[in-house]
Amino acid sequence: LAEATLAGGCCPGASRNRFAYNEAGQVRIRAGLPIYECNSRCRCGAECPNRVVQRGIRYDLCIFRTGDGRGWGVRTLQRIRKNSFVMEYVGEIITSEEAERRGQVYDRQGATYLFDLDYVEDVYTVDAAHYGNISHFVNHSCDPNLQVYNVFIENLDQRLPRIALFATRPIRAGEELTFDYNMHVDPVDAESTRMDSNFGLVGGSLGGSPRARGRIECKCGAASCRKFLF
């Protein structure tokens, strides 16, 4: 497990990718590259350094009502280290066709819970409206403190990555957690290029983003705010 090699070795090497974590469990590869964690077929135990996302949420988080018209939000009750795993975006996996149908209903409600799984192709979508976890309540920001990564564990179908959110910087206790609903990644190599896809009105997303069809005003308040979510 010291280092996965392209010739084989642990799960990342067998998938011809780099080992994603350092000894403290912090992600060390750039956004745009996939993460391959160990799974039930591996001989390693639960404390294997290549088992991070599958252990679930390790920080104390809470839901709160925002005071600026953004509805509910999520804040951390503990300090979070940079590059640490925070939560997984969880929901019901549906086809893109079903997502289009549900999206029309959600549009009328002003909701955004559909997250496209478009790592290689736009076939499936995660819908967190009815089934999910605390990620359902995480708000958008144009200057977010969470970054999306695509993770593969038990399932190696590239159409079905798991969506993991890692801290982009140290996050203070009491700070709201946010991610960019319309993330972009520079196409610096073949892997990161595969993470881009077009949706909505504003170009590409990093391994998917909550699906939207209308021009939605952004209320994140960041200095770099784009004024619209999509």
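Guide: Leaving aside neighbours within four places in sequence, His 136 is in contact with Tyr 113, Ala 128 and Ala 129, where contact means heavy atoms within 4.5 Å. This is a predicted model, in which local features need pLDDT of at least 70 and side-chain atom pairs count only at pLDDT 80 or more, whereas totals for chains, interfaces and linings use all residues. Residues are numbered from 1 along each chain as its sequence is written, and side-chain values use heavy atoms, with hydrogens and water left out.

His 136 belongs to the loop between β7 and β8 (139–140); helices (H or I, at least four residues) and strands (E, at least two) are DSSP runs, numbered from the N terminus. The relative accessible area of His 136 is 17%, and the residue is therefore buried, a term that means under 20%, with exposed over 50% and partly exposed in between (1.4 Å probe, protein chains only). The side chain of His 136 reaches the backbone oxygen of Ala 128 at 2.5 Å. That is a polar contact, meaning a pair of N or O atoms within 3.5 Å; within protein, one must be able to donate a hydrogen and the other to accept it, and residues adjacent in sequence count only if both atoms are side-chain atoms.

Strand β7 itself is part of an open sheet of three strands in the order β5-β7-β6, with antiparallel pairing. Its edge strands, β5 (92–95) and β6 (114–117), each pair on one side only. From one strand to the next the twist averages 35°. Two strands pair if DSSP finds at least two bridges between them; β6 and β7 are joined antiparallel over four bridges, and Asp 116 stands opposite Thr 125 in β7. Helix α2 lies across β5, β6 and β7, running at about 105° to β5. For such angles, axes are lines fitted to C-alpha atoms, for helices over the stretch in contact, and angles run from 0 to 180 degrees between N-to-C directions.

Helix α2 is also tied to β7 by charge. Arg 102 and Asp 127 form a salt bridge whose closest N and O atoms are 2.8 Å apart. The partners come from distant parts of the chain, 25 residues apart: Arg 102 in α2 (residues 96–109) and Asp 127 in β7 (residues 124–127). A salt bridge is a side-chain nitrogen of Lys or Arg within 4 Å of a carboxyl oxygen of Asp or Glu, and the structure holds eleven of them. Arg 102 is buried, at 15% relative accessible area, and Asp 127 is buried too, at 0%.

A further salt bridge joins Asp 180 and Arg 226 (2.9 Å, N to O). This pair, 46 residues apart, links Asp 180 in the loop between β11 (178–179) and α3 (190–193) with Arg 226 in the segment after α3. Asp 180 is buried at 8%, while Arg 226 is partly exposed at 34%. Elsewhere, shared partners join Glu 92, Glu 98, Arg 101, Arg 102 and Asp 127 into one salt-bridge network.

Away from this sheet, strand β4 (residues 85–89) is largely enclosed by the rest of the structure, because five of its five residues are buried. Four bridges join β4 to the antiparallel strand β10 (residues 162–167), and in β10 the bridge partner of Glu 88 is Ala 164.

Asn 39 lies in the loop between β1 (35–36) and β2 (61–65) and is buried at 11% relative accessible area. Beyond four places in sequence, Asn 39 is in contact with Cys 11, Arg 51, Ile 153 and Glu 154. The Asn 39 side chain reaches the backbone nitrogen of Arg 41 at 2.9 Å, and one of its polar atoms lies 3.4 Å from the backbone oxygen of Ile 153.

As for confidence, pLDDT is the predictor's confidence in each residue, from 0 to 100. The chain has a mean pLDDT of 83, and 82% of its residues reach 70 or more. Over residues 4–8 pLDDT stays under 50, and the model has nine contacts there beyond four places in sequence. Over residues 190–208 pLDDT also stays under 50, with 67 such contacts in the model.
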